[in-house]
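Visitor: I have a protein structure to read, and I am new to this. Could you take me through some of its contacts?

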Amino acid sequence: MEIVKPQWKKPPPSANDVVSTLPLYRSAPPLEVRLEDFELYAIDRLRVLKGVSDGLSRGKRPEEMEKLVNDLWKANMRHPLPSEVTNKDIISHFVLRLVYCRTEELRKWFLSNEIALFRYRFRLLSPEAQRLLMAEFDLPYKPVTTAEFEGVKEKLHLVARSTGQLKPTASDAIFYKVPFEEVPELVAGRRVFICKGYAYVAMNQVVSLVVTQFRGLLSKALVLTNRKWTSTIREEEKDRLTPIVETLCTSYLGPDYSQPKEFAEVSIKDIDQVAKSSFPLCMRHLFEKLREDHHLKHGGRMQLGLFLKGVGLKLDDALAFWKAEFSQKVGAERFDKEYAYSIRHNYGREGKRTDYTPYSCQKIISSTPGVGDHHGCPYRHFSEENLRAALSRMGVNSGALENVMDKVRNRHYQLACTLTFESIHGLSYDAGINHPNQYFSDSQKFFKSKNNPSGQGEPLDARSPI
Amino acid sequence: MDRDESENGREDMLIDGQKQGNVSVPREFNVNYLKLYYAKLFPYADMFKWMSYGNDGKHPACDQSYFGRREFSFTLENDIYLRYQSFNNVLQLENSIKEKCPFKIDIGPVYSVDPAKKNAYAQSGDNVFTPVERELIFDIDITDYDDVRYCCSGADVCLECWPLMTVAIKVIDTALRDDFGFNHILWVYSGRRGVHCWVCDGKARRLTNEQRAAVADYFRVYKGNENSSKKVSLTGPALHPFLVRSYSEVLERFFETKLLPSQNIFSTEDRYEKILEMIPDKTATSELRGKWQTKKGSKEDINVVRWEQLKNTLQSGKYKAQGLRRCVEEIVFSFTYPRLDMEVSRHMNHLLKAPFCVHPKTGHVCVPIDPNHCDEFDPTAVPTLLQLFEELNIGGTRAEDDNEWDRTSLGQPISFFRSSFLQPLLKSCKEEMESSYKAKLQQSKSPLSW
Ligand SMILES: [Zn+2]
C-alpha cells in the first residue's frame with residue numbers, strides 16, 4: 001500500500017496468482033490509499049470483527065454465525081465502486097493488522113475474529129471457489145486411497161452418522177488423512193475418526209484444514225508486522241499513521257454517550273425512579289451504595305459520575321446530587337473543597353477541560369476494584385451469591401438467572417448483562433450490551449414505546465445490525 | 001497447581017481431623033521419614049533423565065538449556081509455596097530437594113527462558129517468558145465421582161470404588177495410544193484419591209493450548225451441570241467409534257459385573273429414583289417404579305435384577321422408536337465414564353505433582369501404575385513412608401550403594417518406571433533428535449549445492 005513507506009510494499013502478485021473471492025492477504029497490496037479511506041475502511045472492518053466476536057461469545061451456532069457474517073459483511077464492507085470491493089477488503093485487513101499487531105492480547109483478539117470471519121466467508125463460497133482456494137494453499141495432504149477407505153469404512157460411517165450426516169461412500173466421499181493436531185475443532189467435537197494420530201477429514205470438513213492454514217499464515221504475519229512496526233513504521237509514521245493506528249483498537253464503535261442528546265435530560269427528582277427502571281446492575285449498585293453510605297471511592301465516583309453525565313444529568317444537577325449525599329458523610333464544606341473539583345473535571349470544566357467520556361463495558365470489566373470499592377462489573381466482580389441476590393432484586397426470574405450465571409461462569413459478562421436486560425424488559429435484544437449508557441437509553445426507549453404504543457417511537461438500537 | 005492439595009487442602013485436614021481424633025499427623029508420614037526418603041530413596045537421576053528428554057547427552061543437537069528451563073515448584077512443610085524453581089543439572093535438583101525437604105513437588109512446563117529469571121525478562125517487554133513445551137497431562141480424581149459411589153465420599157477411597165479409576169485408565173490409555181498414536185504414557189497414583197497421566201511423546205509435549213483443549217474435549221461426555229439429572233448426553237443417531245469402543249470393551253462389562261453389585265445402585269428407592277430421573281419418558285419410568293416398589297424375594301442380586309428389567313423395558317419394542325435405547329448407554333456412561341479435570345489438560349502452564357512424591361496426608365508414595373495390569377493395582381498396598389523407613393532399618397548397616405531402593409518396596413515401582421517408561425522414551429528421544437538433526441543438516445547444505 002502506497003500510504004506507508006515504499007519498503008513495506010511487497011512485489012506485485014505474479015501473473016499466475018489465483019484470483020478468488022476470498023483473499024488470503026499474503027502480501028500488502030500495491031495500491032494507493034487515501035488517508036481517510038485508511039481509517040474508514042479499518043473502522044468498517046472493525047465493526048464486522050466486533051460483530052463476529054459478539055456472535056461467538058453469545059454461543060451462536062455455525063449456521064447462525066454464517067448468517068451473521070453474511071449480514072455484517074454486507075452491511076459494512078460494501079463499496080459504491082465494484083472494483084473497490086476487494087481492495088477495501090484487503091486494505092482494511094492490512095490496516096487492522098498494523099493496529100492489532102502490537103501486543104499479544106491484541107494479536108490474539110484479531111487472530112481469533114479474523115479466523116472466524118474467514119471460516120464463515122469460506123463456508124459461504126461456492127464449492128468451485130472453495131476448491132480454488134484449497135489449491136491456493138497447496139495443502140500437503142493426499143486423499144485416502146480406495147483400498148484404505150475400505151479398511152476404515154465402518155468407522156467413517158459411524159462418525160458420519162454420529163454427527164447426523166449421510167453415509168459416505170467411496171465414490172462421492174473424498175477423505176484426507178491429516179495429523180489430528182491440525183484439525184483441533186474437529187477433534188474436539190468428535191466429528192472425525194482418529195486413528196494412530198491421524199484424523200480422517202471428509203471433503204465437507206476441509207474448511208477446518210483451510211482455517212488451520214490461514215491461522216498459521218496470519219499468526220506468523222502478525223509477528224512480522226509487529227517487528228516492522230516497532231523497528232520502523234511507528235517512528236516513520238509518527239505524524240501521520242501512528243496516531244490513527246494507536247487509537248483504532250481502543251475505539252469503541254458505538255456512540256460514546258458523551259453528549260446526551262437523544263433524550264430529554266434527567267433531572268434529580270426523577271433519578272431514583274429511572275435508576276430502578278433503567279440502570280444496568282453496575283450503575284444501580286453504585287447508585288444504591290451511594291444512597292446508603294453517602295460516599296463512594298474514586299473509581300465508583302468516576303464510573304457512576306460519567307454515566308450520569310451520559311444519562312443527561314447536567315453539571316449543576318450533578319453537583320447538587322453528589323453534594324446531597326457526600327455532605328451527609330463529610331460535610332458540605334469538605335465536599336466543595338475536595339470533591340466538587342473532580343465532578344466539574346468530569347464535565348470538562350476544570351483542568352484540561354477535556355470532556356470525559358462515560359466508561360464502556362470493556363473498560364468497566366477490565367477495571368480492578370479493591371477493598372471498599374463498588375465500581376467494576378458485577379457480573380465479573382461479585383461473588384456468585386451476591387450476584388444472584390442482586391439479580392433477583394432486579395427482578396430477573398429464576399430461569400433467566402441460571403442462564404445469566406451460566407454466561408458468568410464462561411466469563412461472558414456482557415452477555416450476562418444482555419440476558420439480564422432481556423429478562424427485565426421481556427424482549428430479545430440481539431445487539432448485545434456494550435455500554436452502560438446503551439443499556440440505559442434502550443431501556444428508556446423501551447418504556448417510552450410501551451407507554452405510548454400508538455406512536456411509532458424510535459426503534460431500539462437492537463434492531464439495527466450493529 | 002494440581003487440585004489434589006491446593007483447593008481441597010483445608011477440607012482434607014478437616015476430614016482427617018475427624019477421622020483420627022487427636023492424632024494430628026498420620027503415623028505413615030513425618031518429616032524425619034521424608035528427609036530419609038529424600039536422602040536415600042528419591043530417584044533423582046531417573047527424574048532428571050526423564051525431564052531432559054535426551055538433551056543431557058553429547059549429541060550436537062542436544063539443547064543444554066532444556067532441563068534448566070523447566071519449572072519445578074515446592075510446597076514446604078509450613079505451606080510456603082515456592083514457584084519457578086529451576087535447576088541446571090541433577091545435582092542442583094537433588095541438593096535443593098534435600099535442603100528444602102518439600103512436602104510436595106510440582107512440575108510445570110518448559111519455558112522459553114529460565115523460569116527463575118522470569119522477572120528479569122518480564123521487564124524487558126513483550127512476552128519473552130512463555131511456556132514452550134509441556135507433557136499432555138490428565139488428572140482424574142475420585143472425589144468427582146461422589147454421586148455414583150455409595151461406599152465412600154470426598155477424599156476417601158476403598159477397593160469398592162477404586163475400580164472407577166481403573167476404568168478411567170483403561171479408556172483413556174487406549175484412546176491415547178490407538179486414536180492419538182501416543183506411545184510414551186506414564187500413569188501415576190496421586191497418593192490418595194486419584195491418578196495422574198503424563199503423555200510424553202515429543203508431539204504431545206509440543207501441542208498448543210488449543211490442541212490440548214481439543215484432546216480434552218474429545219474425551220468429554222459430561223455436561224457438568226449440577227442442576228440437571230442427566231449428566232451425560234449422547235446425541236445423534238450413532239455413537240462415535242471411540243465411545244463405542246469404550247462402551248463395549250470396558251464400560252458395559254464393568255458396570256454390569258462390578259459396579260452394579262458393589263455400589264448397590266438400585267437397592268433403595270433414593271438410589272433407583274436417581275436413575276429413573278435419567279429416563280425422559282413418564283410411562284417407562286412409572287412402569288419400572290411399579291415393578292420395584294413391591295419387593296419380591298429373589299435369590300438374585302436385586303441390582304442385577306432391576307438393571308435387567310430397566311434394559312428390557314427401554315429396549316422393548318414399545319419405546320424403541322422414541323430413542324430410549326440410548327438411555328441405557330447414557331446411564332452406563334454416567335456411572336462409569338472417566339471424569340477428567342479438564343482445566344488441567346487444557347493449558348500448558350498447569351502444574352502437576354511429580355511422580356515419586358509422598359502424599360503428606362497418607363504417606364503413600366506416588367508410584368507408577370502399569371496400565372496393562374491396572375486391575376491389579378491396589379491403592380491401599382502402595383508403599384508408605386513408614387513402611388520404607390522400616391524396610392531401610394531392617395537392611396541395617398549394609399554398605400551404602402546406589403540401589404538402596406532395591407531392599408525396599410520401592411524397588412519394583414522404580415524398576416517398572418525405568419523399564420517400561422523411561423528406557424523406551426529415551427530411545428525414541430534419541431532417534432527423534434538424530435533424525436531432526438539430519439534433516440537440519442540437509443537443509444543447511446542444500447542452498448550451497450544450488
Ligand atoms: Zn469406596
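Visitor: Which residues does A:Glu84 touch, not counting residues up to four places away in sequence?

Guide: One caution before we start. This is a predicted model. Now the answer: with those close sequence neighbours left out, A:Glu84 touches A:Tyr41 and A:His79.

Visitor: Where does A:Glu84 sit in chain A?

Guide: Look at helix H3 of chain A, residues 82-99. A:Glu84 is in that helix.

Visitor: Which side chains make polar contacts with the side chain of A:Glu84?

Guide: Take two of them. The side chain of A:Tyr41 is joined to that of A:Glu84 by a polar contact of 3.2 Å. The side chain of A:Asn87 makes another with A:Glu84, at 3.1 Å.

Visitor: Now salt bridges. What is the general idea?

Guide: Side chains of opposite charge can pair when their charged atoms come close.

Visitor: How many salt bridges does the structure hold over all chains?

Guide: The total is 52. Let us pick a few.

Visitor: Which residue forms a salt bridge with A:Lys88?

Guide: A:Asp44 does. Their closest N and O atoms are 2.9 Å apart. This pair links distant parts of the chain, 44 residues apart. A:Lys88 belongs to helix H3 of chain A, and A:Asp44 to helix H1, residues 35-57.

Visitor: Is A:Lys88 buried or exposed?

Guide: Read the relative accessible area. Buried means under 20%. A:Lys88 has 3%, so A:Lys88 is buried. A:Asp44 has 21%, so A:Asp44 counts as partly exposed.

Visitor: What about A:Arg240 and its salt bridge with A:Glu237: how far apart are the closest N and O atoms?

Guide: They are 3.2 Å apart. Read the accessibility again. A:Arg240 is partly exposed, at 36%. A:Glu237 is buried, at 2%.

Visitor: Let us move to chain B. Which residue meets B:Asp179 in a salt bridge?

Guide: B:Arg245, with 2.9 Å from N to O. B:Asp179 lies in helix H6 (residues 163-179) and B:Arg245 in helix H9 (residues 241-263), so the pair ties together parts of chain B that are 66 residues apart in sequence. Both residues are buried.

Visitor: Which residues are linked in a network of salt bridges?

Guide: Go back to chain A. A:Arg45, A:Asp89, A:Glu114 and A:Arg121 are linked in such a network.

Visitor: Next, the place where the chains meet. How many residues of chain B are in contact with chain A?

Guide: 30 residues of chain B are in contact with 24 residues of chain A. The area buried between the two chains is about 2100 Å². Carbon and sulfur atoms give 58% of that area.

Visitor: How many salt bridges and polar contacts are there between chain B and chain A?

Guide: There are three salt bridges. One of the side-chain pairs that meet this way is A:Glu181 and B:Lys203, at 3.4 Å from N to O.

Visitor: Which elements of chain B give two or more residues to the side that touches chain A?

Guide: Those elements are H6, helix H8 (209-218) and H9 of chain B. The largest share, six residues, comes from H8(B).

Visitor: How do the residues on that side of chain B divide?

Guide: They divide into 15 nonpolar, seven polar and eight charged.

Methods
Residues numbered from 1 in each chain as written. Chains lettered and ligands numbered in written order. Predicted model: local features only at pLDDT ≥ 70, side-chain atom pairs only at ≥ 80, totals over all residues. Heavy atoms only, no water. Helix = DSSP H or I, 4+ residues; strand = E, 2+ residues; numbered from the N terminus. Contact = heavy atoms within 4.5 Å. Polar contact = N/O pair within 3.5 Å; in protein donor to acceptor, adjacent residues only side chain to side chain. Salt bridge = Lys/Arg side-chain N within 4 Å of Asp/Glu carboxyl O. Buried < 20%, exposed > 50% of the residue type's maximum accessible area, 1.4 Å probe, protein only. Buried area = accessible area lost by both parts, 1.4 Å probe. Nonpolar A, V, L, I, M, F, W, Y, C, P; charged D, E, K, R; others polar.
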